[in-house]
Amino acid sequence: MLHDRLDEHVLDWRAKGFWQPGPPVSDTDFAAAGHHLFGGAVTWPVLVARESALTHNIATMAAFCSRHGFSFAPHGKTTMVPSLFDAQLAAGAWAITVATANQLLVARAFGVPRALVANQMLDPVPLRWLASELDQGFQALIFVDSVAGVEAISEALKDQPGRSSIPVLVELGHPGGRTGGRTVEQLVQVAEAAAAAPRVRLDGVTAYEGGLSAADAVATYLDQARTAVLELAHRGLLGPEVIVSAGGSAWFDVVADRLGGDWLPGHQLRVVLRSGAYITHDHGFYADRTPFDRLPEGDSLEGALELWAQVTSTPEPGLAIVGMGKRDAPYDEGLPVPLRIRRASGALDPVGGMRVTRLNDHHTFLEVPSDVELGTGDLICFGISHPCTAFDKWRSIPVVDDNQIIVDVLHTYF
């Protein structure tokens with residue numbers, strides 16, 4: 001593995017958010033130095049991750065999967081941080097899910113033992129590479145949702161030496177969805193092609209319900225996926241162990257309700273949940289949709305990502321300009337959420353109804369109520385909405401403890 005060599009990082013002038021004008025310093029030494037977040041080692045804006053929230057969220061989701069008898073393959077594309085992959089695997093994750101061949105390459109390079117590719121792989125070069133890695137003990141499954149996807153695998157491997165077949169999960173979609181055959185009949189056709197194709201092994205069925213907006217629609221869709229699995233079993237297309245996979249971060253309670261339990265007689269059933277955004281949660285999109293608000297267990301997730309940025313101008317009453325923008329903060333599923341003000345003295349004050357109204361590339365327009373005093377140089381802590389488009393904007397992210405001491409540095413691989 002390339003893990004040891006790849007995981008050596010230095011922080012210097014290239015590290016956005018870190019203030020390192022001098023010689024490079026290793027991230028290990030940087031974290032060991034005990035820098036305070038507000039002590040001058042970083043500059044603004046900077047995205048930070050709260051260590052306690054990450055630890056809490058990983059443990060909470062691992063416990064949920066254990067209670068429901070699920071295997072967990074968290075979606076790594078949320079963070080693309082190998083050290084977080086390690087933490088998820090250490091907490092009991094069965095695999096790491098990725099979205100692309102490049103992300104699969106990252107996972108393999110950093111020693112992930114098993115991966116799911118939640119997409120079709122169609123290009124012959126990555127498919128041949130995957131087959132050779134499977135021959136060396138790597139475990140991976142890829143999704144297929146068309147006969148063409150099955151044929152692409154067999155064609156790529158027809159002259160490839162080796163013994164491994166590529167395991168696949170056939171995907172059931174829904175009207176308007178991004179992937180997957182739209183009907184059970186279409187899924188059966190793909191499954192029959194996969195079962196008959198050389199160098200392809202049919203391991204089960206997959207679905208993604210995250211694009212649906214209502215619980216009853218999600219339940220109907222997952223019931224259809226269950227019906228599809230039963231139909232494939234009836235046709236003799238499934239082996240002794242069957243994988244059924246689903247799950248984003250908005251409806252895993254419905255996944256537990258519709259796919260949990262032992263409902264496939266004659267087969268060993270493994271239900272694999274793929275939630276990803278849970279690891280950092282957020283203060284917007286997922287905060288409004290978390291299944292834990294609907295579950296009786298009393299669990300919850302915590303927003304782990306915070307963007308600290310500085311007020312650069314108060315040009316008119318009711319308006320402040322803050323020095324962060326689209327280069328720094330996600331905005332596809334909601335604008336950043338002001339959480340608290342930090343004064344030059346270090347005092348923390350409530351935001352009192354402040355609201356982000358729009359972002360430019362490097363500027364945030366902040367609506368400030370008349371009863372809130374805000375001055376140039378004040379720092380604002382923002383929560384984010386949709387972590388999947390926060391991590392890709394930052395190559396290095398400081399991790400802080402509850403005393404705002406930097407204790408680690410996360411590195412992303414997008």
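**Ground rules**

I number residues from 1 along each chain as its sequence is written, and my side-chain values use heavy atoms, with hydrogens and water left out. Because the model is predicted, I ask for pLDDT of at least 70 for local features and count side-chain atom pairs only at pLDDT 80 or more, while totals for chains, interfaces and linings use all residues.

**Entry 1: pockets**

I began with the empty space. Rolling a probe the size of a water molecule over the atoms shows where such space is left. My working term is the pocket: on a 1 Å grid over the protein atoms alone, an open set of points where a 1.4 Å probe fits, with protein on both sides within 12 Å along at least five of seven lines. Lining residues have an atom within 4 Å of a point. Points are joined across faces, edges and corners, and a volume is the space filled by probe spheres set on the points.

The largest pocket comes out at about 440 Å³. I looked up its lining and found 23 residues, with Y208, G210, S249, F285 and Y286 nearest the centre. Which domains supply that lining? Domain 1 (10-49 + 302-411) and domain 2 (51-294) each give at least three residues; these bounds come from an automatic or database domain assignment. By class I noted nine nonpolar, nine polar and five charged residues. Here Ala, Val, Leu, Ile, Met, Phe, Trp, Tyr, Cys and Pro count as nonpolar, Asp, Glu, Lys and Arg as charged, and the others, Gly among them, as polar.

The second largest pocket holds about 300 Å³. Its lining has 19 residues, and L141, P167, R201, D203 and I243 lie nearest its centre. Strands β7 (139-144), β9 (200-207) and β10 (241-246) are the elements that give two or more residues to this lining. Its classes are ten nonpolar, four polar and five charged. For element names I use DSSP runs numbered from the N terminus: helices are H or I of at least four residues, strands are E of at least two.

**Entry 2: the partners of β14**

Next I followed β14 (residues 337-342). Strands count as paired if DSSP finds at least two bridges between them. β14 pairs with β18 (residues 379-383) in the antiparallel sense over five bridges, and V337 stands opposite G383 in β18. β14 also pairs with β15 (residues 348-350), antiparallel over three bridges; there I341 has D349 as its bridge partner. The hairpin of β14 and β15 has five residues between the strands, and G346 takes a positive phi near 95 degrees.

**Entry 3: salt bridges**

How many salt bridges does the whole structure hold? My search gave 21, taking a side-chain nitrogen of Lys or Arg within 4 Å of a carboxyl oxygen of Asp or Glu. For exposure I use relative accessible area: buried is under 20%, exposed over 50%, partly exposed in between (1.4 Å probe, protein chains only).

- E231 and R235 form a salt bridge, with the closest N and O atoms 2.6 Å apart. E231 is partly exposed at 25%, and R235 is partly exposed at 44%.
- R270 and E241 form a salt bridge at 3.2 Å between the closest N and O atoms. R270 lies in β11 (residues 268-273) and E241 in β10, so the pair ties together parts 29 residues apart in sequence.
- D253 and R294 form a salt bridge, with the closest N and O atoms 2.8 Å apart. D253 is in helix α10 (residues 252-259) and R294 in the loop between β11 and β12 (305-316), so this pair ties together parts 41 residues apart in sequence. D253 is buried at 13%, whereas R294 is partly exposed at 40%.

I also noted a network of salt bridges that links R50, E302, E306 and R340.

The peptide bond from W44 to P45 is cis, with omega near 0 degrees. P45 sits in the loop between α2 (27-32) and β3 (46-50).

M80 is not a glycine, yet has a positive phi of about 50 degrees. I placed M80 in the loop between β4 (71-72) and α4 (82-90). Is M80 buried or exposed? At 0% relative accessibility, M80 counts as buried.

Q404, also a residue other than glycine, has a positive phi near 65 degrees. Q404 lies in the loop between β19 (396-400) and β20 (406-411), and at 19% relative accessibility Q404 counts as buried.
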